[in-house]
Amino acid sequence: MKPLDPRLLKHARTTRTFLVASVVLGAATAGLIIAQATLLADMLTRAFLGGATLGDLRVPLLLLLAVVLGRALVAWLQEVAAHRSSAAVKSQLRARLLAHALRLGPRWLSGERSGELATLATRGIDALDDYFSRYLPQLVLAVIVPVAVGARILLGDWLSAVTIAVTLPLIPVFAILVGLTTQRKMDRQWRTLSVLSAHFLDVVAGLPTLKIFGRARAQADKIREVTDRHRRATMSTLRIAFLSALVLELLSTISVALVAVSIGLRLVEGGLGLETALLVLILAPEAYLPLRQVGAQYHASVEGLTAAGRIFEVLETPAPASASAPGTRAGVGVPDLGRATIRFDNVTVAYDSREAPALDGLSLTVHPGETVALTGPSGAGKSTALAVLLGFVRPDSGRVLVDWADLADLDPDAWRARIAWVPQRPHLFTGTIAANIRLGRPDASDADVRAAAQAANALPFIDALPDGLDTPLGEHGLGLSAGQRQRIALARAFLRDAPLLLLDEPTSNLDMESEAAVLDAVRRLAASRTVILVAHRPALVALADRTIPVPLRPEPVTT
Ligand SMILES: Nc1ncnc2c1ncn2[C@@H]1O[C@H](COP(=O)(O)OP(=O)(O)OP(=O)(O)O)[C@@H](O)[C@H]1O
Ligand SMILES: [Mg+2]
């Protein structure tokens, strides 16, 4: 892994500003280090050789105080810049990750583990804090300080400068060797953590099922095992980190000792003045320090970098063409659905992971204002056909025409604005019932929300709740029955008031009485709209003007 990932500069612009600030502050630090050493060497020489008293040294002492305060100030500024930048970069990356995940759409998301994505967006990105507050500034110092200090030493004593120039590169060489090992371990550690979180999420969500089938204990063991793997991976990374600190410390101590021995010998022989000798001795360790520290900080930052790398992978996954560039083909306006015919022309969809297509050459025509029912066996691709119409899935071959415009050429947002959809498994969000219904049309009045709930036959049960429409729901609509959830999703679609209504088995969880009430509402809505419904139940099929069978493709012959 590169010390500075160029993708970080590309995806998080704040990083550039921060680098510039770090370079300026790093140069200031180098200047202050040299000033401090010069002042010290000067004072010590005057005190020992010149017999200067404390009074004589008042000016350099005050200057030294100023230098020390200056270094504190620079350190503080660096901290402030680091924390501001890392906060900004984290929020930029999070926003981009989220926006891109949305653009990639449900088809991509179904292939990802939501646990891993959640870990990335939260803990993963947080690990960048160390990268910004510790590693990056240190990296800049590691370039500036040795050069500046080396140049100053060269002016005083070339032999020491040469010694330093020869030994200094050993530190990065060893650091890189150790770093390569850490990198591999860290990758593994990150993978275990992702597995752990994905697995954990899965198990928690499926706990009732596991309990019933007596597998809860086995899962606990499995989690224990993965946790243990994670612990071992962390410990072995840490061991290497500590070892690397030892190696680098040893190297720089020996190098400084080399410089010191040569200076000592020449001092005794009288080949070197005390002031220069002192200056070199004080400065020499300063040349090694930042390089050594950058090695140590690297380990602290690897986690953040690894997570950032995963984020960049997601960000650089190309989005489906129609979704990635909303508005670029705005030339093609969405046809008026009140008059447009929708045609599926030999549409085939194959999910990446499957060999057999989910939808095999479906052709159908829906005239404006019609109500059609898609029927067919489970797994035939009815929901997939709706997903194609919604623009979530792109046909692998064939096309969908809305009047004479190809669906792929329409601006996806403008197209979806004309659709109300009740998915087969509607998603309810944490929030009140009213807020969940209002998703259909955010500016709807309270009266409209009530009317929509009424049409979906949801009002009777909502009014029976102590808080009515303001009842808060848990995650995924926790606290409601499946039929109640379905009716809220229906109310949401009714409120939307869109010219095209897509219903995916909207009454599968309802009793006959509720179903009748909902069908009444659908019938009323259908009067002025195009409706495509996926239906198994006869009552729903009866509602349609026409049925379109979606056949189950023949099973592929495996040889
Ligand atoms: N995200 C996915 N990844 C891979 N395969 C999928 C995915 N979603 C659906 N499939 C497959 O595509 C085929 C069609 O699925 P689809 O959900 O469209 O069927 P359906 O007709 O709606 O069935 P049902 O009546 O049971 O709802 C199935 O074989 C299914 O296994
Ligand atoms: Mg379905």
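Reader: What makes the radius of gyration of the protein chain stand apart from that of a compact globule?

Author: In this predicted model, the protein chain has a radius of gyration of 34 Å. A compact globule of 559 residues would have one near 24 Å. The rule behind that figure is 2.2 Å times the number of residues to the power 0.38.

Reader: How do you know where the domains lie, and what separates their centres?

Author: The bounds come from an automatic or database domain assignment. It gives domain 1 as 9-318 and domain 2 as 342-549. Taken over C-alpha atoms, the centres of domain 1 and domain 2 are 53 Å apart.

Reader: Why is Leu168 called partly exposed?

Author: Count the C-beta atoms. Leu168 has 17 others within 10 Å. Buried needs 20 or more, and exposed means 12 or fewer. The count of 17 falls in between, so Leu168 is partly exposed.

Reader: Where does Leu168 sit, and which residues does Leu168 touch?

Author: Leu168 is in the loop between α6 (158-167) and α7 (170-205). Leaving out residues up to four places away in sequence, Leu168 touches Pro146, Ala287, Tyr288 and Leu291. A contact here means C-beta atoms within 7 Å. Arg292 is 124 residues from Leu168 along the chain, yet their C-alpha atoms are separated by 9.9 Å.

Reader: How many of the residues in the protein chain are buried, as a percentage?

Author: Buried residues account for 37% of the 559.

Reader: Which strands form the open sheet, and in what order?

Author: The order is β2-β1-β4-β5, with antiparallel pairing. That is an open sheet of four strands.

Reader: Why do β2 and β5 count as edges?

Author: β2 (359-366) and β5 (405-406) each have a single partner strand, so one side of each has no neighbour in the sheet.

Reader: What makes β1 and β2 a pair?

Author: Pairing takes at least two bridges. Strand β1 (residues 342-349) and β2 share five, in the antiparallel sense. They therefore meet the cut-off. One bridge joins Val349 to Leu359 in β2.

Reader: What is the make-up of the shell around ligand 1, by class?

Author: The shell has three nonpolar, eight polar and two charged residues. There are 13 residues around ligand 1. Tyr351, Ala358, Ser378, Ser383 and Thr384 come nearest.

Terms used
Residues numbered from 1 in each chain as written. Chains lettered and ligands numbered in written order. Predicted model: local features only at pLDDT ≥ 70, side-chain atom pairs only at ≥ 80, totals over all residues. Near = placed C-beta within 6 Å. Nonpolar A, V, L, I, M, F, W, Y, C, P; charged D, E, K, R; others polar. Helix = DSSP H or I, 4+ residues; strand = E, 2+ residues; numbered from the N terminus. Contact = placed C-beta atoms within 7 Å.
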